[in-house]
Amino acid sequence: MKTIVMLMLVSMLMIVAAPAYSAEVIQIFHCQQDENATEKDVVAAASEWLKAAKTMKGGDQLEASLHFPVVAHMGEHDFLFVIKAPSMEKWGMFMDGYHGSPAQEVDKKKFDNICDCPDSSLWEPIMIK
């Protein structure tokens with residue numbers, strides 16, 4: 001009886017916990033653009049990075065966007081590079097294979113030459129209805 005109750009409890013907890021793990025996640029990088037780089041250069045590098053990232057395990061459903069300020073922005077970054085994954089699990093699979101990956105090669109060969117993104121954070125968005 002004790003085992004059955006424990007199995008029921010675990011099953012119920014898994015049902016409740018499943019939505020928490022299936023929520024999408026976004027990583028936001030705060031970047032400084034090099035003096036000689038243009039927005040067009042940044043967009044081209046980000047596009048190449050996303051194409052490479054989509055070839056990796058866990059990266060097939062990644063989405064990316066760049067956010068440049070439109071009106072007076074004072075701060076420590078010139079733009080944001082935002083990457084969205086459909087779940088924490090997919091993000092984890094992607095990050096587990098990042099070292100030595102095609103996406104890391106684009107980081108080294110393209111992004112490092114046009115910008116510096118020293119700070120980032122991982123977020124769980126909650127849509128407001």
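**Ground rules.** I am working with a predicted model, where local features need pLDDT of at least 70 and side-chain atom pairs count only at pLDDT 80 or more, while totals for chains, interfaces and linings use all residues. I number residues from 1 along each chain as its sequence is written, and side-chain values use heavy atoms, with hydrogens and water left out.

**Entry 1: the sheet.** I took helices (H or I, at least four residues) and strands (E, at least two) as DSSP runs, numbered from the N terminus. Two strands count as paired if DSSP finds at least two bridges between them. I found an open sheet of 4 strands in the order E2-E3-E1-E4, with antiparallel pairing. At its edges are E2 (63–67) and E4 (115–123), each pairing on one side only. On average, neighbouring strands are turned by 20 degrees against each other, direction ignored; axes are lines fitted to C-alpha atoms, for helices over the stretch in contact, and angles run from 0 to 180 degrees between N-to-C directions.

**Entry 2: around E3.** I counted 7 bridges between E1 (residues 25–33) and E3 (residues 79–85), and 5 bridges joining E2 to E3. Which residue of E3 is the bridge partner of isoleucine 26? It is lysine 84. Valine 82 in E3 stands opposite isoleucine 28 and also opposite serine 65. I noted that 5 of the 7 residues of E3 are buried (under 20% relative accessible area; exposed is over 50%, partly exposed in between, with a 1.4 Å probe and protein chains only).

**Entry 3: salt bridges.** My search of the whole structure gave 5 salt bridges (a side-chain nitrogen of Lys or Arg within 4 Å of a carboxyl oxygen of Asp or Glu). In one of them, glutamate 24 meets lysine 84, with the closest N and O atoms 3.7 Å apart. Glutamate 24 sits in the loop between helix H1 (2–22) and E1, and lysine 84 in E3, so this pair ties together parts that are 60 residues apart in sequence.

**Entry 4: helix pairs.** Glutamate 48 and lysine 110 form another salt bridge, at 3.6 Å between the closest N and O atoms. Glutamate 48 belongs to helix H2 and lysine 110 to helix H4 (residues 102–114), so the pair links parts 62 residues apart in sequence. Glutamate 105 and lysine 109 form a salt bridge at 3.8 Å; both lie in H4, 4 residues apart, about one turn of the helix.
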